[in-house]
Amino acid sequence: KNHFLYKHHPPQPSSFIFDTMAEQKQQASEFRIRYFAFPGRGFPVRLTAALVGRPFEDEFMSFEQQAKEKADGQRRWSGPPELTVLDKDGKAVQMIGQSIAAMRYVAKLNKAAGLYPEDPLQAALVDEALDSSEDVTTVVFPKTFGVSDEQKKKGGEELCKEGSGMRYWLDKFVDRLDENAKRGNKNGFLVGDALTLADLRTAWVMNAVMMVCPGADREKGVLSEEKYKPLLKLIDTTMANETIKAYIKQYDANCAAYKEKPEQTIYKYSGKF
């Protein structure tokens, strides 16, 4: 549960969920996102879904389900999140694995949202940031997530040193933010002057780094250094988006409801927040 992109709001009563679902039941969901009841790798996909304004569903799963299903060969690729495209009757049409591929698919459902540029060059700039965000996880997570406390401490010390692999990638993202600003884009994003998939996934990754890597926090750690202020601005600007904040309110309430009643696994959203 260390991959949170935000601090939890107090859960809303369960009735909030079912009132919301009642209002939304006439909307035919276009796809379903299946992942655990915490942000993690599924969260950038869920945020993309909220921002495109299409009706969709969250399906929560347990770690026990994941372990059994993977052992039975049911994962499309490796692990969740997985996105299932639905027809107008709610029947599965196609499953999509890999979280970044799912983000791209969802973003293309509403081009007007601007999350994935139509211009080939701008799209390539978004793509390189998406791919590089995954490179960050391959450097940081093996040393700091799912390991012993001693290994995590040692990993944090190694990663926070000047010249480390983590520092390399943090510096590269600062370079890209600076490059975009020099093009005349002043809102602190990675590509252009509006929120894209690149910002959503990078904000999640950078927050995950601060959460799982000892010594990388924004108060006194690596991310508190002056040169990394653009990365903190990116996180804060992304999470200040009003649609994202409205989605998080509903999402938190759904997580609380799922905890109380785990047999209720699917929660619907109209796409209007």
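Guide: A helix axis here is a line fitted to C-alpha atoms over the stretch in contact, and angles run from 0 to 180 degrees between N-to-C directions. The model above is predicted. In it, the axes of helix 4 and helix 8 come within 11 Å and cross at roughly 145°.

Visitor: What is the hand of the crossing of helix 4 and helix 8?
Guide: The crossing of these two helices is right-handed. On the helix 4 side, the contact is made by S99, I100, M103, R104 and A107, and on the helix 8 side by L197, L200 and R201. Sorted by class, that contact has 5 nonpolar, 1 polar and 2 charged residues.

Visitor: Why are helix 5 and helix 8 called roughly parallel?
Guide: The axes of helix 5 (residues 120-144) and helix 8 (residues 197-212) cross at roughly 15°, and they come within 9 Å. Angles under 35 degrees count as roughly parallel. Helix 5 and helix 8 are therefore roughly parallel to each other. Their crossing is left-handed.

Visitor: Which residues make the contact of helix 5 with helix 8?
Guide: Helix 5 brings V126, A129, L130, S133, E134, V136, T137, V140, F141 and T144, while helix 8 brings L197, A198, R201, T202, W204, V205, A208, V209 and V212. By class, 13 of the residues are nonpolar, 4 are polar and 2 are charged.

Visitor: Which residues have the most contacts inside the largest nonpolar core?
Guide: They are L83, V140, M166, L197, L231 and Y247, in a core of 71 residues. Helix 8 gives the largest share of this core, 11 residues. In soluble globular proteins, nonpolar side chains tend to be buried together.

Visitor: What does L197 touch, leaving aside its neighbours within four places in sequence?
Guide: L197 is in contact with T48, M103, R104, A107, L115, Y116, V126 and L130.

Visitor: How do you know whether V45 is buried or exposed?
Guide: Buried means under 20% relative accessible area. V45 has 1%, so V45 is buried. This residue lies in helix 2 (residues 42-52). Not counting residues up to four places away in sequence, V45 touches I33, P81, L83, S99, A102 and M103. V45 and I100 are 55 residues apart in sequence, yet 7.6 Å apart in space, C-alpha to C-alpha.

Visitor: How do you know whether A49 is buried or exposed?
Guide: The cut-off is again under 20%. The value for A49 is 0%, so A49 is buried. A49 also lies in helix 2. Leaving aside neighbours within four places in sequence, its contacts are F31, I33, R54, F56 and V106. The C-alpha atoms of A49 and E64 are separated by 26 Å, with the two residues 15 apart along the chain.

Visitor: Why does Q98 count as partly exposed?
Guide: Partly exposed lies between the buried limit of 20% and the exposed limit of 50%. Q98 has 47% relative accessibility, so Q98 counts as partly exposed. Q98 is found in the loop between strand 4 (92-96) and helix 4 (99-107).

Visitor: What is the phi of Q98?
Guide: Phi of Q98 is near 70°, a positive value in a residue other than glycine. Most residues other than glycine have a negative phi, and most peptide bonds are trans.

Visitor: Is the peptide bond from P80 to P81 cis or trans?
Guide: The bond is cis, with omega near 10°. P81 sits in the loop between helix 3 (63-71) and strand 3 (82-86).

How values were computed
Residues numbered from 1 in each chain as written. Predicted model: local features only at pLDDT ≥ 70, side-chain atom pairs only at ≥ 80, totals over all residues. Heavy atoms only, no water. Helix = DSSP H or I, 4+ residues; strand = E, 2+ residues; numbered from the N terminus. Parallel < 35°, antiparallel > 145°, perpendicular 65-115°, else oblique. Left-handed = near helix turned anticlockwise from the far one by under 90°. Contact = heavy atoms within 4.5 Å. Nonpolar A, V, L, I, M, F, W, Y, C, P; charged D, E, K, R; others polar. Core = buried A, V, L, I, M, F, W, Y, C linked by side-chain atoms within 4.5 Å. Buried < 20%, exposed > 50% of the residue type's maximum accessible area, 1.4 Å probe, protein only.
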